[in-house]
Each structure stands twice: as structure tokens, then as C-alpha cells.
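Please look at the sequence and the structure side by side, and keep both in view while you read.

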Amino acid sequence: MTPPGWYSDPHAPHLERWWDGEAWTEHRRTPSGLPVPPTPAAGASGRARAVALIAAGAVLATAIVTGATVVRTDEVRSTGDTTIDTAPSGPPAAPSLVVDQLNGITLPVPTGWTSPSAIAQDDVVMTTDGTYDCPARTGRCRHGQVISRTADRAEGASPRTVAERDVPDAAETAYGHDPGGRRPYGGIRSHQVVKAGRVAVAGHDGYLVRWRVRTAEGPGGYVQSLAFPSASGIPAPVVVRFVFDAGPDGPPLSDMDEITKGIRPAR
């Protein structure tokens with residue numbers, strides 16, 4: 001089945017229309033992402049038409065001021081009362097993406113990854129599917145997470161400075177102490193810098209630092225901090241953190257590179 005998403009409207013090819021996974025809805029937008037209000041029913045009053053236009057503006061304003069919003073094209077469902085027609089056929093399949101509206105970027109979702117479920121941390125934008133018993137038996141852990149956030153107190157700092165400052169905190173948060181003060185991996189024993197350098201991200205000059213972290217229990221993992229200028233006008237850089245378990249059960253490191261190369265400015 002074709003996943004939900006924005007596709008070319010079969011009745012108006014100059015517009016995009018929302019396919020909810022089963023049928024076309026009345027939600028339309030321009031290719032640049034600006035919403036188009038539903039066409040009022042025949043005979044609707046001038047007030048009804050004005051309300052439709054105001055509603056479209058409210059949707060756009062909400063999208064601008066809302067914080068980081070996770071949207072995956074194969075999981076989003078339309079809400080509210082909509083009129084569904086019977087378009088002759090569905091649109092072509094589209095790749096899965098995560099949208100961080102606050103920082104103005106999209107990230108590709110590789111095979112084996114999914115949008116976050118039952119994650120308390122708001123900045124997590126994707127995880128590997130499923131959980132397992134943490135090595136120290138403190139609860140449930142995940143083999144991989146990707147976190148997108150705005151750098152704290154980093155206005156004017158270079159991407160390199162931001163990445164180098166962020167990676168120790170990223171490692172401690174991932175493999176040191178959890179928010180409850182427990183040590184799911186028994187604590188960090190050592191780390192090694194395995195990769196560092198400049199990288200192009202979403203049309204900007206970014207910088208990444210990757211650590212190999214060894215823990216008291218379990219195989220440890222890899223933590224990467226990737227910093228680059230925001231595409232949404234925020235003065236502080238964006239930081240994307242990658243947390244990958246090592247060992248055969250962890251995601252391949254090539255996923256880090258795939259996600260990094262696939263980051264794009266959100267439309």
C-alpha cells in the first residue's frame with residue numbers, strides 16, 4: 001500500500017494533495033508547502049469562504065511556531081472532519097522522512113529504524129525498532145537512537161566547537177547515567193575518537209566528532225555529535241546526536257553516514 005503523504009493532485013497537477021493511505025483527502029498545498037484551503041461547497045456564504053482562508057493561515061502559523069515535530073510519511077494520519085473522494089488510483093510510493101520543524105531540516109529514516117515510541121526525551125527523532133534488557137538489568141535499552149536539537153548557549157560558536165563540546169555530554173547521556181541516575185551499561189570505562197572532521201550538511205559546512213565508547217557491561221557503542229548552522233534562522237547551530245550500540249546487534253555505522261548525507265532543509 002502507498003504510505004500517507006503529499007503527492008501530485010490527480011485533479012490539479014499544479015498542487016499537492018494529502019493521501020491518507022487509503023484515499024485522497026481535501027487537504028491541498030502548493031509544491032512550496034503553503035496550504036491551500038478546501039474548496040467551499042457550492043452556495044457557501046462569503047463568511048464560510050473567509051473562514052476557510054483564515055483556517056489555512058492558522059495552520060501555516062502553527063507549523064511555523066511549533067517546536068520540533070516528528071513526522072514520518074508512513075505513519076501520519078489526518079485529523080478532523082474531512083471529505084474523502086474516490087480518486088481513481090493511489091500515488092507512487094515515497095521515502096520515509098523525519099521532519100524537525102524547529103531546526104528546519106528533514107532526516108531520512110533508514111531500513112530498520114522507526115519514529116520514536118514510548119520515548120520520554122522530546123528531541124529523539126528516530127530509534128531502531130524494538131528494545132532489549134539493558135546489560136546492567138536496569139530496564140529496557142535500544143540499539144540505536146538519533147536526536148536532533150538546538151545547541152545550548154552556542155550562539156556564534158563554530159560547528160567544530162559545538163561538536164567537540166557536545167560529544168562528551170552525548171556519551172554520558174547515552175552510556176553513562178540515565179535520567180533516573182542509573183547506569184544501564186555499568187558506566188563508561190574509556191572512549192576513543194575514531195572520526196572527526198568537516199562535512200557538508202544540508203548545504204552548510206558542518207563538523208562531526210565520533211567516539212567509540214567502552215562500558216563496564218555490554219559491548220559499548222558509538223556516539224557521534226554532528227553540528228551545522230540552522231536552516232530556520234535560529235542563531236545557535238543544530239546538533240544531531242547518533243547513539244549506536246556496538247556488536248552484531250547494533251545498527252551498521254554506515255547508517256550514520258547515510259542519515260548525515262540525507263539531511264536536507266525542510267520545505
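What follows starts with the chain as a whole and then turns to its cores, its disulfide and one serine.

This is a predicted model, in which local features need pLDDT of at least 70 and side-chain atom pairs count only at pLDDT 80 or more, while totals for chains, interfaces and linings use all residues. Residues are numbered from 1 along each chain as its sequence is written, and side-chain values use heavy atoms, with hydrogens and water left out.

The protein chain has three helices and 16 strands, where helices (H or I, at least four residues) and strands (E, at least two) are DSSP runs numbered from the N terminus. Of its 267 residues, 41% count as buried, a word that stands for under 20% relative accessible area, with exposed meaning over 50% and partly exposed lying in between (1.4 Å probe, protein chains only). Among contacts (heavy atoms within 4.5 Å) between residues at least 6 apart in sequence, 55% join residues at least 24 apart.

In soluble globular proteins, nonpolar side chains tend to be buried together. A nonpolar core is a set of buried Ala, Val, Leu, Ile, Met, Phe, Trp, Tyr and Cys residues joined through side-chain atoms within 4.5 Å. The largest one here has 21 residues, of which Tyr 175, Val 209, Trp 211, Val 213 and Val 223 touch the most other members. Two or more residues of this core come from each of helix H2 (159-176) and strands S13 (204-215), S14 (221-228) and S15 (238-245), and H2 gives the largest share, six residues. Apart from this core lies another, of 20 residues, among them Val 98, Val 109, Met 126 and Leu 208. Leaving aside neighbours within four places in sequence, the contacts of Trp 211 include Val 167, Pro 168 and Ala 171, as well as Tyr 222 and Val 223.

The structure also holds one disulfide, a pair of cysteine sulfur atoms within 2.5 Å. Cys 134 and Cys 141 form this disulfide, with their sulfur atoms 2.0 Å apart, and both residues are buried. The torsion about their S-S bond is about 105°, so the disulfide is right-handed.

Not counting residues up to four places away in sequence, Ser 148 touches several residues, including Asn 103, Ile 105, Asp 123 and Val 239. The side chain of Ser 148 also makes a polar contact with the side chain of Asp 100 (2.5 Å); a polar contact is a pair of N or O atoms within 3.5 Å, where, within protein, one must be able to donate a hydrogen and the other to accept it, and residues adjacent in sequence count only if both atoms are side-chain atoms.
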